[in-house]
Amino acid sequence: MAEHAARRCCLGWDFSTQQVKVVAVDAKLNVFYEDSVHFDRDLPEFGATLEAHTEDNRAAINLVPE
């Protein structure tokens with residue numbers, strides 16, 4: 001197995017109602033890794049569904065377990 005040289009990096013996380021995303025950048029801000037978990041698609045065993053509701057001319061997005 002090939003050895004990988006250690007490098008300084010930073011992880012950026014984005015937690016939203018639909019998914020979690022992560023991105024890794026090196027010291028020069030070059031992106032070398034990205035991934036995401038979409039709750040509906042990747043975790044169906046939890047029964048979460050994204051629903052959009054409109055009420056009083058305002059939009060609301062809710063994550064609703066079934």
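What follows is a working chat about one predicted model.

Colleague: Before we start, what should I keep in mind about this model?

Modeller: The model is predicted, and local features need pLDDT of at least 70, side-chain atom pairs count only at pLDDT 80 or more, while totals for chains, interfaces and linings use all residues. Residues are numbered from 1 along each chain as its sequence is written, and side-chain values use heavy atoms, with hydrogens and water left out.

Colleague: In what order do the elements run from the N terminus on?

Modeller: The order is β-β-β-α-β-β, which gives the protein 1 helix and 5 strands, where helices (H or I, at least four residues) and strands (E, at least two) are DSSP runs numbered from the N terminus.

Colleague: And how much of the protein counts as buried?

Modeller: Of its 66 residues, 12% count as buried, with buried taken as under 20% relative accessible area, exposed as over 50% and partly exposed as in between (1.4 Å probe, protein chains only). The protein exposes about 5900 Å², of which carbon and sulfur atoms supply 55%; accessible areas come from the Shrake-Rupley method with a 1.4 Å probe, and for residues only the protein chains shown count as cover.

Colleague: Which residues make the nonpolar surface patch?

Modeller: Leu11, Trp13 and Phe15 make a patch of about 400 Å², and Leu11 is found in strand E1, residues 9-15. Patches are built from residues with over 30% relative accessible area and no salt bridge, like charges being joined within 9 Å and nonpolar side chains (Val, Leu, Ile, Met, Phe, Trp, Tyr) within 5 Å.

Colleague: How many aromatic pairs are there?

Modeller: The count comes to 1 aromatic pair. That pair is Trp13 with Phe15, stacked at 5.8 Å centre to centre with 15 degrees between the planes, and both Trp13 and Phe15 are exposed. The rule pairs rings of Phe, Tyr and Trp (its six-membered ring) if their centres lie within 6.5 Å, and planes under 30 degrees apart count as stacked, over 60 as edge-to-face and the rest as tilted.

Colleague: Switching to Gln19, is that residue buried or exposed?

Modeller: Gln19 is buried, with a relative accessible area of 18%, and is found in strand E2, residues 19-26. Leaving aside residues up to four places away in sequence, Gln19 touches Asp14, Ser36, Val37, His38 and Phe39, contact meaning heavy atoms within 4.5 Å.

Colleague: Where is Leu29 found?

Modeller: Leu29 is in the loop between E2 and strand E3 (31-38), and its phi is near 65 degrees, a positive value in a residue other than glycine. Leu29 is also exposed, at 67% relative accessible area.

Key: Salt bridge = Lys/Arg side-chain N within 4 Å of Asp/Glu carboxyl O.
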